[in-house]
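Dear colleague,

Please find below the structure that I am handing over to you. My findings follow directly after it.

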Amino acid sequence: MSRGVIQPSQQKLAEKLTILNDRGIGMLTRVYNIKKTVNFDLTKNYLDLVVTYTTLMIILSRIEERKAIIGLYNYAHEMTHGASDREYPRLGQMIVDYENPLKKMMEEFVPHGKSLSDALISLQMVYPRRNLSADQWRNAQLLSLISAPSTMLNPAQSDTMPCEYLSLDAMEKWIVFGFILCHAVLNSDAAALSLWKLALQSSTCLCLFRDEVFHIHKAAEDLFVNIRGYNKRINDIRECKEQALSHAGSMHRERRKFLRSALKELATVLADQPGLLGPKALFVFMALSFARDEIIWLLRHADNIQKKSTDDFIDKHIAELIFYMEELRAHVRKYGPVMQRYYVQYLSGFDAVVLNELVQNLSVCPEDESIIMSSFVNTMTSLSVKQVEDGEVFDFRGMRLDWFRLQAYTSVSKASLGISDHKELGKMMNTIIFHTKMVDSLVEMLVETSDLSIFCFYSRAFEKMFQQCLELPSQSRHSICFPLLCTHFMSCTHELCPEERHHIGDRSLSLCNMFLDEMAKQARNLITDICTEQCTLSDQLLPKHCAKTISQAVNKKSKKATGKKGEPEREKPGVESMRKNRLLVTNLDKLHTALSELCFSINYVPNLVVWEHTFTPREYLTSHLEIRFTKSIVGMTMYNQATQEIAKPSELLTSVRAYMTVLQSIENYVTIDITRVFNNVLLQQTQHLDSHGEPTITSLYTNWYLETLLRQVSNGHIAYFPAMKAFVNLPTENELTFNAEEYSDISEMRSLSELLGPYGMKFLSESLMWHISSQVAELKKLVVENMEVLTQMRTSFDKPDHMAALFKKLTSVDSVLKRMTIIGVILSFRSLAQEALRDVLSCHIPFLVSSVEDFKDHIPRETDMKVAMNVYELSSAAGLPCEIDPALVVALSSQKSENISPEEEYKIACLLMVFVAVSLPTLASNVMSQYSPAIEGHCNNIHCLAKAINQIAAALFTIHKGSIEDRLKEFLALASSSLLKIGQETDKMTTRNRESVYLLLDMIVQESPFLTMDLLESCFPYVLLRNAYHAVYKQSISANA
């Protein structure tokens, strides 16, 4: 008991328990003279009261701390009110008296045995009919709408309409507990004994309340063993127990098997012809009630197995039965107005007329009864279809309560109008009551006949059934029934115990969430397996795999023997699609079948509401697909940080496209927007990190190209070949683990652009620029170290001797050229990336790209630089080359130092160009500086200096607002003067590659949008360039020869 303020409802606990006990006995006394004929409501409520009273006493006796609890209650009452509860002694005495509740109640019910036994024996026509075997149901074609097509539109009728969907579980509790309490009748009435034995043979335990069960045979035997002369009854109990243990499980298994097919047929017919819900509503509620009883029986017995063989208590197809129940429930909810229209017309056009005739033909009808009967007729006559069309809310609870009262009036022995003498009236009223429920109580009827909220208290069994359903592919299409069952849970709550609403509500939410999550995970895993298979098939079509096929074809043509004898011939792509017969099922076929089944379930309902929370099953799948697609894309890069291995962009693109094709096909199974998944995932992959903070393919490839490929270029293991527009491995002692050309040629760069998109390529560019900016920062430091010498050289380029003397004073000349070469290499790689991006975007958005290109090409020269830079930024994002690289400008702008004035920064930039210009002649002495016409470049990548010089100059002088053209002219003059000097050198080692270095001037001018050949001619005779080209080509031919 909590220590908080005691609620009034808790204060009255003693009174409630005592009054319930007294009133229970009082009610039994008042209904002593009931003669059961067709008084369904009165008899049902009477028997329910007996069972409720019995159940309450049994459960109370099972509370081990019951004496301590009522003691604490009395103590709390004393503390609150200053005195003990006056009913406390009675309550305490009741707890003591009911230590063995059934034994005590058997004594109490002796005076009431006649009334109780009469009520129970009235079940002799109902219970055996409900407790038939599956074969008997099948032979009678129970619940079938199509077995007699000619009567399909006839309304389903019965003399005992409410009994047709009465819970079998409830009847068994009435019979078992009822005959225990009035056991004497078992010795005197064969009908009573037959009912009792039939109930004992059907089950080994009964549900007391929720997951509390009552083991029938043991309890009954323990009670009867102490009664003299009951040996025969004890033997009956033992025989029935053996019968129940050996046959009940298989009997109920066959019933469930029959109900699966019967409910499937019923649901299919009603889905096609919902109008049949009107005349055949009774069939629907019978089907729901029968299926509910079998499911609850299985749930109860599976948790309380009393035999070694458990096969009969494990039903892997239980989900299918629950699913068809949910389908029928959905039909009733969806087509409720159809049923209302039918039964409103039925009540007003038929029931009212027949009832009026029956009332008129009554020989004796007291005034009170006559008034009630007349009100029934008037209520039904006033009904019209227009009320349904107008959405009017119907309420026949008063009418049903009046019929309940009328049953009570006419059932006593001295009643003027005895209902037992007018059975037709009773039957008609029972039918009318059913018809009224079809108009105003459809939801309540669904709860009464198909509520499975008991699963809330069998969580472990519930989850196990769900797992079995998912594991069996043929059953996975019905897995949605488990989340749907969670919508039932709140119906088991009661207003007298409001505090458990939150507990049960939370359990329903957590289970529903878990089920939907597991369903989505299972679908995701199937999709992943299909994607893996498809990626394998796509991989077979990669160009690299055709080499062996081509080789075999060539060798076959030339009749050369290749390969080992007996070596199996490699299967060609597409062989998997060739089927010799339809029975051949591949793994991919099985996966697709399993996926379609599970997706049916996920797509079954758009959403479901559990305890005022809305769940959308498809969103669970979408969420899981996004997460898995993200992980798969990153995983397919096969990036290994230790060995620096990574998949080629073209191969990754092929795999991603195969993956996306599979995901696109999911829309054929489930109504989801897979494009949204693509957008969310692929856009995240264009960023440095995804939404979970994990690396993306953009960061992986950017890191690989910078830290692996370009670093090996700097180390001299790889060279950029302009003729091939690719980086190529150079022959070295230590072979590289990858072929640079396979990662940097046009097709690979285009694939990279497809994968990373404009955002990802922009990130790649920014990372490249960061490396360039760090190199420029180091270059500036070298300029500062040599500032005085460079300042003098800048103005002395026409004094050869003085320039030679000053050049000897320069330090770190090789470092300057090496850093500038590295910058050139990075810019060359970026140029490849930009060109690939432009090609890709031109395919995807040609009109937009052409508009951007036209915009860039027509910027007036007098345009403000800020405006021009915005245009260049737009153009660069589209992969278009620009006179001034906006990314480089941004990267170098961030280097501005606060300690150095803008004038000083500008001077350093000018002197950097001077430093590079006067250092070029030193390249002629390098053996690797030889120009190769085949690759249109130099093996030591000095041809990349042309791009570095032009773009660095354009960026630096844009930042410092200088004239790019003037500074490049100055550079050209200095470089020409310096290179002309080596033409006068006599040392062959110094001038070994003089002609190859001369060509750099031509490359610089060709690369520059600011310089012209006329300007070069004024500084450097073109005849020297022509001779240089002639010499390097001649040298190349002789070397090859």
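**The second largest pocket**

In this predicted model, the lining of the second largest pocket consists of 17 nonpolar, 10 polar and 10 charged residues. The lining is made up of 37 residues, and those nearest the centre of the pocket are Tyr720, Ser831, Lys947, Gln951 and Glu1007. The space inside the pocket comes to about 900 Å³. At least two lining residues come from each of helix 37 (813-844), helix 42 (945-959) and helix 44 (994-1007). Of the contributions to this lining, that of helix 37 is the greatest, with 8 residues.

**Salt bridges**

Side chains of opposite charge can pair when their charged atoms come close. The count of salt bridges in the model is 50. Three of these pairs are described here.

Arginine 255 pairs with glutamate 294, and their closest N and O atoms are 3.0 Å apart. Arginine 255 counts as buried because its relative accessibility is 0%. Glutamate 294 also counts as buried, at 2% relative accessibility.

The next pair is formed by aspartate 315 and arginine 256, with 2.7 Å between the closest N and O atoms.

**Helix 13**

Does the span of helix 13 agree or disagree with what its 13 residues should give? At 1.5 Å a residue, helix 13 (residues 190-202) should span 18 Å, and because its end C-alpha atoms are 18 Å apart, the two values agree. At the start of helix 13, the backbone nitrogen of alanine 191 has a side-chain oxygen of aspartate 189 within 2.8 Å. The buried residues of this helix are Ala192, Leu193, Leu195, Trp196, Ala199, Leu200 and Ser202. When reading that list, please recall that an α-helix has 3.6 residues a turn, so residues three or four places apart point the same way.

**Two positive phi values**

Most residues other than glycine have a negative phi. Leucine 143 has a positive phi, near 70°. This leucine is placed in the loop between helix 9 (134-139) and helix 10 (161-164), and leucine 143 counts as buried because its relative accessibility is 3%.

Glutamate 936 also has a positive phi, near 60°. Its place is in the loop between strand 7 (931-932) and strand 8 (937-938). With a relative accessible area of 43%, glutamate 936 is partly exposed.

Yours sincerely

Methods:
Residues numbered from 1 in each chain as written. Predicted model: local features only at pLDDT ≥ 70, side-chain atom pairs only at ≥ 80, totals over all residues. Heavy atoms only, no water. Helix = DSSP H or I, 4+ residues; strand = E, 2+ residues; numbered from the N terminus. Expected span 1.5 Å × (residues − 1). Buried < 20%, exposed > 50% of the residue type's maximum accessible area, 1.4 Å probe, protein only. Polar contact = N/O pair within 3.5 Å; in protein donor to acceptor, adjacent residues only side chain to side chain. 1 Å grid on protein atoms, 1.4 Å probe; cavity = no way out; pocket = protein on both sides within 12 Å on 5 of 7 lines; lining within 4 Å. Points joined across faces, edges and corners; volume = space filled by probe spheres on them. Nonpolar A, V, L, I, M, F, W, Y, C, P; charged D, E, K, R; others polar. Salt bridge = Lys/Arg side-chain N within 4 Å of Asp/Glu carboxyl O.
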